[in-house]
Amino acid sequence: DGPDPQTTPQILAVLKEKGVRVTFFVLGQNAERHREIVAQAVADGHEIGNHSYSHKILNRLTPREYEQDIDKADAIISTVAPKPNLFRPPGGGYNDEIVNAAYRRGYTTILWSVDSGDWRGLSPAQVVRNVVNGLQRGNIVLMHDGQHPLSTAKALAILIDWLKDNGYAILTVSEMMQYYEVRR
């Protein structure tokens, strides 16, 4: 949901320190205000995906409204990052028409397997427990950087060490998709 001017730089610092690259699904309205943070994420080797412009639940909008929301985010993100090819609908609110609209724009729609719960303001320890307790190889972990304060950066530092110690590889979504069959 970022970038956020406080939370995202903290997360970027942890990722740099740990030598990890991830996928950020950014909101167009936040990217518009903080283009320099998106540019820094790209410079650090992270992948950028489209998370819509406004974070409205898309399956509650008309096709014209959600298409404009996706396109507006794409136009902003593309000014500071390579054109995204991954799309995550806010709140997981999607249907076949939204997936098809995203596909026509060159996007693969991506959801998540494990919700860290960081967006609820949980402690770093609880965020780590939520991920570890739900984790299986090949999972996509949902974490957030779009608000402040969040415990995400502290939880992420602990989680990355745990994942590496337990034989997990941390990949961007596109890297992970190379290992799995992707279906529209």
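Predicted model: local features only at pLDDT ≥ 70, side-chain atom pairs only at ≥ 80, totals over all residues.
Pro-3 is found in the segment before helix 1, and the peptide bond that joins Gly-2 to Pro-3 is cis, with omega of about 10°. Pro-3 returns among the residues that line the largest cavity.

**Backbone features**

- A cis peptide bond also runs from His-148 to Pro-149, with omega near 0°, and Pro-149 is found in the loop between strand 6 and helix 7.
- The loop between strand 2 and helix 4 holds Ser-52, which has a positive phi of about 85° although it is not a glycine; Ser-52 is buried, with a relative accessible area of 0%.
- His-55 lies in the loop between strand 2 and helix 4 and has a positive phi of about 70°, although it is not a glycine; with a relative accessible area of 28%, His-55 is partly exposed.

**The largest nonpolar core**

- The largest nonpolar core has 21 residues, and the members that touch the most others are Leu-15, Phe-24, Ile-48 and Ile-77.
- At least two residues of this core come from each of helix 1 (7–18), strand 1 (23–26), helix 3 (35–43), helix 4 (63–77) and helix 7 (152–165), and helix 1 supplies the largest share, four residues.
- Leaving aside residues up to four places away in sequence, Leu-15 touches Val-20, Val-22, Phe-24, His-46, Leu-156 and Ile-160.
- In soluble globular proteins, nonpolar side chains tend to be buried together.

- The buried residues of helix 3 include Ile-37, Val-38 and Ala-41, and they cover an arc of only 100° around the axis, which puts them on the same side of helix 3.
- Exposed residues Glu-36 and Ala-43 are carried on the face of helix 3 turned away from its buried side, whereas the buried residues pack against helix 1, strand 1, helix 2 (28–33) and strand 2 (47–50).
- A search of the whole structure finds one cavity of 30 Å³ or more, and about 30 Å³ of space lies in the largest cavity.
- The largest cavity is lined by Pro-3, Thr-8, Phe-24, Val-26, Ile-37, Val-38, Ala-41, Ile-48 and Asp-145; strand 1 and helix 3 are the elements that give two or more residues to this lining, with the largest share, three residues, coming from helix 3.
- By class, the lining of the largest cavity has seven nonpolar residues, one polar and one charged.

**Helix 6**

- Val-127, Val-128, Asn-130 and Val-131 are the buried residues of helix 6 (residues 124–134), and seen down the helix axis they fall within an arc of 160°, so they line one face of helix 6.
- These buried residues of helix 6 pack against strand 5 (114–115), strand 6 and helix 7.

**The largest pocket**

- The largest pocket has a volume of about 980 Å³ and is lined by 40 residues, of which Val-22, Ile-140, Val-141, Leu-142 and Met-143 lie nearest its centre.
- Two or more lining residues of the largest pocket come from each of helix 1, strand 1, strand 6 (141–142), helix 7 and helix 8 (173–177), and helix 7 gives the most, with five residues.
- The lining of the largest pocket divides into 25 nonpolar, ten polar and five charged residues.

Definitions and conventions. Residues numbered from 1 in each chain as written. Heavy atoms only, no water. Core = buried A, V, L, I, M, F, W, Y, C linked by side-chain atoms within 4.5 Å. Buried < 20%, exposed > 50% of the residue type's maximum accessible area, 1.4 Å probe, protein only. Contact = heavy atoms within 4.5 Å. 1 Å grid on protein atoms, 1.4 Å probe; cavity = no way out; pocket = protein on both sides within 12 Å on 5 of 7 lines; lining within 4 Å. Points joined across faces, edges and corners; volume = space filled by probe spheres on them. Nonpolar A, V, L, I, M, F, W, Y, C, P; charged D, E, K, R; others polar. Arc of directions from axis to C-beta.
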